[in-house]
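Before reading on, please take a moment to look over the sequence and turn the structure around. The paragraphs that follow begin with the chain as a whole and then move to its parts.

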Amino acid sequence: MSRVNDVGGQTGFGALEIEADEPPFHADWEARVFALNSTLVRNGVYRLDEFRDAVERLAPQQYLATSYYERWLLAIETLLAARGLLDAG
C-alpha cells in the first residue's frame with residue numbers, strides 16, 4: 001500500500017535543499033521531541049515500528065503541511081492518546 005510519505009521516484013516535489021553544516025535540530029523543541037520519543041521507545045511505551053506507522057498514517061494534507069519533527073510530535077500524541085496516556089482535552 002502506498003502512503004503519502006512514499007514518494008520515491010515521483011516528481012513534482014521540488015529540489016532537495018541541503019544546508020551546509022546543517023544542525024541536527026533547528027529549534028530546541030525539536031530536540032525535546034526527539035528525546036521524548038527516544039525515552040518512550042526505550043521504556044516500552046510503544047515500539048519504534050508503531051511510531052513509524054503512526055507518522056505514516058497521518059492524513060496526506062497534514063503530512064505534507066507539517067515539518068519533520070511536527071510529524072513526530074503528532075505521532076507521539078496519537079500513540080499516547082490511544083493508550084489513554086494523553087488527555088485529548
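Where pLDDT is low, the predicted coordinates should not be read in detail. Among the helices, the mean confidence is highest in helix 1 (residues 28-42), at 98, and lowest in helix 3 (residues 60-65), where the mean is 93.

Taken as a whole, the chain has four helices and zero strands, so that, in the notation used for such elements, the order from the N terminus on reads α-α-α-α. Of its 89 residues, 22% count as buried, and the accessible surface comes to about 6,600 Å², with 55% of that surface belonging to carbon and sulfur atoms. If we consider the contacts between residues at least 6 apart in sequence, 66% of them join residues that are at least 24 apart.

Let us return to helix 4 (residues 68-82), whose length can be checked with simple reasoning. The expected span is 1.5 Å times one less than the number of residues, and because helix 4 has 15 residues, it should span 21 Å, which agrees with the 22 Å between its end C-alpha atoms. Which residues of helix 4 are buried? They are Y69, R71, W72, A75, I76, L79 and L80. Seen down the axis of helix 4, these buried residues fall within an arc of 165 degrees, and they therefore line one face of the helix.

Just after helix 4, G84 takes a positive phi of about 70 degrees. D21 counts as exposed, because its relative accessibility is 81% and the cut-off for exposed is over 50%.

The last topic is charge. Side chains of opposite charge can pair when their charged atoms come close. In this chain the count comes to five salt bridges. One of them joins the side chains of R83 and E50, with 2.7 Å from N to O. Because R83 lies in the segment after helix 4 while E50 belongs to helix 2, this pair ties together parts that are 33 residues apart in sequence. Both partners count as partly exposed, R83 with a relative accessible area of 32% and E50 with one of 21%. R83 and E50 are also linked with R47 and D49 in a network of salt bridges.

Another salt bridge brings together the side chains of R52 and E56, at 3.0 Å from N to O, and since these two residues are four apart in helix 2, about one helical turn separates them.

Note on methods
Residues are numbered from 1 along each chain as its sequence is written. This is a predicted model: local features need pLDDT of at least 70, side-chain atom pairs count only at pLDDT 80 or more; totals for chains, interfaces and linings use all residues. Side-chain values use heavy atoms; hydrogens and water are left out. pLDDT is the predictor's confidence in each residue, from 0 to 100. Buried means under 20% relative accessible area, exposed over 50%, partly exposed in between (1.4 Å probe, protein chains only). The arc is that of the directions from the helix axis to the C-beta atoms. Contact means heavy atoms within 4.5 Å. Accessible areas come from the Shrake-Rupley method with a 1.4 Å probe; for residues, only the protein chains shown count as cover. A salt bridge is a side-chain nitrogen of Lys or Arg within 4 Å of a carboxyl oxygen of Asp or Glu.
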